Amino acid sequence: MMHSGDLPETIPIFPLPGALLLPRARLPLHIFEPRYLAMLDDALKTSTRLIGMVQPCEGPKGCGCEPGRLQKIGCAGRLTGFSETEDGRYMVTLTGISRFRIQESVEGFTPYRRVKPCWKGFDRDLGQPEHDKGFNRERFMPKLCRYFEAQGLSTDWDSLEEADDELLINSLSMLCPFEVEDKQALLEAPSLETRRETLVTLIEFALRSGEDGEERLQ
């Protein structure tokens, strides 16, 4: 487990729309662009092996995005899995460590972007897994099943049923095909309970939208 004192003052960032990383969750990535191959090489040389996942800001001007139109809040992940293909691409796994707020960009000669992160306000990310006492699985799982059917998605339902609260909610937040701004809302949720509430709202909205579309077609 990483402690707050171990978190670096500067991290490289990987802006990727729709790619959500959450604390204690795992995100597989396929890296092939030269600048991000260089980023991985450099990250592997550090003691923390941290890379910040940040979504590009797609909102209107004046939405509060950082210069370069990045969202203000991202999540840093530690490189915990790494393999190289014969043609020089990297298959990596990031394990979420802590969210951060971008303070400023770091100028330099690297082909990728670096920032100074502020780790304050995200102390619970470094703690033990969260639990959601208000989570009603009996009501949630049938709704999730309808959503997966509507989206043409498949999954291992037995594994979902057995997963603990945090693993289930965070995995669905990362994997479901929500819009970029919706993914950002899930990332910024201050607790597991509020993330679950946001997740349920997004699923219900998608189901209602699908039903409205079917009615219009009839």
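The questions and answers below concern a predicted model.

User: Is Ile73 buried or exposed?
Analyst: Ile73 lies in strand E4, which spans residues 73-84. Buried means under 20% relative accessible area. Ile73 has a relative accessible area of 7%, so Ile73 is buried.

User: Which residues does Ile73 touch, not counting residues up to four places away in sequence?
Analyst: Contact means heavy atoms within 4.5 Å. With residues up to four places away in sequence left out, the residues that Ile73 touches are Arg99, Phe100, Arg101, Phe122, Gln184, Leu187 and Glu188.

User: What separates the C-alpha atoms of Ile73 and Gly52?
Analyst: Along the chain, Ile73 and Gly52 are 21 residues apart. The separation of their C-alpha atoms is 9.8 Å.

User: Which residues form the covered face of strand E6?
Analyst: In a regular strand, side chains alternate between the two faces of the sheet. Strand E6 covers residues 114-118, and its uncovered face holds Arg114, Lys116 and Cys118. The covered face is made of Val115 and Pro117.

User: What is the bridge partner of Ile11 in E6?
Analyst: Strand E1 (residues 11-15) and E6 run antiparallel and are joined by two bridges. Val115 belongs to the covered face of E6. In E6, the bridge partner of Ile11 is Val115.

User: Which residues touch the most other members of the largest nonpolar core?
Analyst: This core has 46 residues. Helix H6 (residues 192-217) gives the most to this core, with six residues. Another core, of 14 residues, lies apart from it and has Leu7, Leu50, Ile97 and Trp119 among its members. In the largest core, the residues touching the most other members are Ile31 and Phe140.

User: Which residues of helix H1 are buried, and why are they on the same side of H1?
Analyst: Helix H1 runs over residues 34-44, and its buried residues are Tyr36, Leu37, Met39, Leu40 and Ala43. They are on the same side of H1 because the arc they cover around the axis is only 155°.

User: What covers the buried residues of H1?
Analyst: Ile31 touches, among others, Tyr36, Leu37 and Leu40, which are among the buried residues of H1. The cover of these buried residues includes E1, strand E2 (26-31), strand E3 (50-54), E4 and E5.

Terms used. Residues numbered from 1 in each chain as written. Predicted model: local features only at pLDDT ≥ 70, side-chain atom pairs only at ≥ 80, totals over all residues. Heavy atoms only, no water. Helix = DSSP H or I, 4+ residues; strand = E, 2+ residues; numbered from the N terminus. Buried < 20%, exposed > 50% of the residue type's maximum accessible area, 1.4 Å probe, protein only. Pairing = 2+ DSSP bridges. Core = buried A, V, L, I, M, F, W, Y, C linked by side-chain atoms within 4.5 Å. Arc of directions from axis to C-beta.
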